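Please keep the sequence and the structure in view while reading.

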Amino acid sequence: MADEDEALAAGLTGELTPTGHRLLARVYFADTDFSGVVYHARYLEFFERGRSDFLRLAGVHHTELADGKHGEKMVWVVRRMELVFHAPARIDDILTIDTKTANVSGARIFMEQRIRRGETALVDAKVEAAIIGESGRPRRFPKEWVDAFMPQGPAS
């Protein structure tokens, strides 16, 4: 049973791709507003899942940062986000959340994300995030993470 649970759980985090990360998610009733489409703020949660699972599969765990495994206690913060809405998602849609790193510079990482239904682009996001220490001051992005996050091929 433990092996079956592990195999099932492996699908929860999506997969690393040559250009970043891909995650599938279903739209549930709780994701929608009174009109039956996904409420605009819920897309932020889908994007967060994509970024978090990308980090996890790349070997960077939120809990390890918060516990101080890399020196001091650190956390991720989103500094800036730009969204472009193309089309709505609806209940029971299966969404694909693609995440890729555009650049890493000092304490910041710049990511591009897309939510789509099949081949139809629904929402695009450009995200600037940073790592901060307990003092709230930015911390330099560790060099060993750069290779884990930078795209290895052409954009999909």
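## Salt bridges and surface charge

Asp-31 and Arg-42 are joined in a salt bridge, with 2.8 Å between the closest N and O atoms. Asp-31 belongs to the loop between S2 and helix H2 (42-57), whereas Arg-42 belongs to helix H2, so the bridge ties together parts that are eleven residues apart in sequence. The model is a predicted one. Asp-31 is buried, because its relative accessible area of 4% is under the 20% cut-off. Arg-42 is partly exposed, at 22%.

In total, 13 salt bridges are counted. Among them is the pair Asp-98 and Arg-22, whose side chains meet at 2.5 Å, N to O. This pair links distant parts of the chain: Asp-98 is in strand S4 (residues 94-105) and Arg-22 in strand S2 (residues 20-26), 76 residues apart.

Arg-56 and Asp-53 form another salt bridge, with the closest N and O atoms 2.2 Å apart. Both residues lie in helix H2, and because they are three residues apart, about one helical turn separates them. Salt bridges with shared partners also join Arg-22, Asp-98 and Arg-116 into one network.

The table gives the accessibility of several partners.

| Residue | Relative accessible area | Class |
|---|---|---|
| Asp-98 | 12% | buried |
| Arg-22 | 25% | partly exposed |
| Arg-56 | 35% | partly exposed |
| Asp-53 | 9% | buried |

Which residues form a negative surface patch? The patch consists of Asp-3, Glu-4, Asp-5 and Glu-6. Asp-5 lies in helix H1 (residues 2-10) and is partly exposed, with a relative accessible area of 45%.

Conventions. Residues numbered from 1 in each chain as written. Predicted model: local features only at pLDDT ≥ 70, side-chain atom pairs only at ≥ 80, totals over all residues. Heavy atoms only, no water. Patch = residues over 30% accessible without salt bridge, like charges linked within 9 Å, V, L, I, M, F, W, Y side chains within 5 Å. Areas by Shrake-Rupley, 256 points an atom, 1.4 Å probe, with all protein chains shown as cover. Salt bridge = Lys/Arg side-chain N within 4 Å of Asp/Glu carboxyl O. Lys, Arg positive; Asp, Glu negative; His and termini not counted. Charge placed at Lys NZ, Arg CZ, Asp CG, Glu CD. Helix = DSSP H or I, 4+ residues; strand = E, 2+ residues; numbered from the N terminus. Buried < 20%, exposed > 50% of the residue type's maximum accessible area, 1.4 Å probe, protein only.
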